[in-house]
Amino acid sequence: MARSVWKGPFVDGYLLNKAEVSRASGRNEIIKIWSRRSTILPQFVGLTFGVYNGKKFIPVQVTENMVGHKFGEFSPTRTFNGHSADKKAKRG
């Protein structure tokens, strides 16, 4: 279910501060974040965020197409290693 329009997008407060500091410094360093639930805002375009997936930080370069989505959408938490081979088919 979507969030009400009158409430506005959800973004953790510390995330806005980190983005401002990074923009002011001018260096393109990875900003480590744990907030996968935060919405990507237009202020974040051009910055690189390290989104935590439960094991490591996945670098996410924010583009204009990502605005309005959540950070968690770009950092998968599960790895698919393929289906296991059918042992019965190999034997016969």
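This is a predicted model: local features need pLDDT of at least 70, side-chain atom pairs count only at pLDDT 80 or more; totals for chains, interfaces and linings use all residues.

Biologist: Why is the pairing of Arg27 and Glu29 called a salt bridge?

Modeller: The term asks for a side-chain nitrogen of Lys or Arg within 4 Å of a carboxyl oxygen of Asp or Glu, and the side chains of Arg27 and Glu29 meet at 3.4 Å, N to O, so the pair qualifies. In general, side chains of opposite charge can pair when their charged atoms come close.

Biologist: How many salt bridges does the structure hold?

Modeller: It holds 2, and one of them joins Asp12 to Arg37, with the closest N and O atoms 3.4 Å apart. Asp12 lies in the segment before α1 and Arg37 in the loop between β1 and β2, so this pair ties together parts that are 25 residues apart in sequence.

Biologist: Are Asp12 and Arg37 buried or exposed?

Modeller: Asp12 has 14% relative accessibility and therefore counts as buried, since the limit is under 20%, whereas Arg37, at 55%, counts as exposed.

Biologist: How do you know that Thr39 is buried, and what does the side chain of Thr39 make a polar contact with?

Modeller: Thr39, found in the loop between β1 and β2, has a relative accessible area of 7%, and because buried means under 20%, the word applies to Thr39. Its side chain makes a polar contact with the side chain of Lys70 at 3.1 Å, and the cut-off for such a pair of N or O atoms is within 3.5 Å.

Biologist: Why is Ser75 called buried, and which residues does Ser75 touch?

Modeller: Ser75, placed in the loop between β3 and α2, has a relative accessible area of 0%, so it is buried. Leaving out residues up to four places away in sequence, Ser75 touches Arg36, Val51, Tyr52, Asn53 and Ile58.

Biologist: What makes β2 and β3 a pair of strands?

Modeller: Pairing requires at least two bridges, and 5 bridges join β2 to β3, which run antiparallel, so the two strands pair.

Key. Residues are numbered from 1 along each chain as its sequence is written. Side-chain values use heavy atoms; hydrogens and water are left out. Helices (H or I, at least four residues) and strands (E, at least two) are DSSP runs, numbered from the N terminus. Buried means under 20% relative accessible area, exposed over 50%, partly exposed in between (1.4 Å probe, protein chains only). A polar contact is a pair of N or O atoms within 3.5 Å; within protein, one must be able to donate a hydrogen and the other to accept it, and residues adjacent in sequence count only if both atoms are side-chain atoms. Contact means heavy atoms within 4.5 Å.
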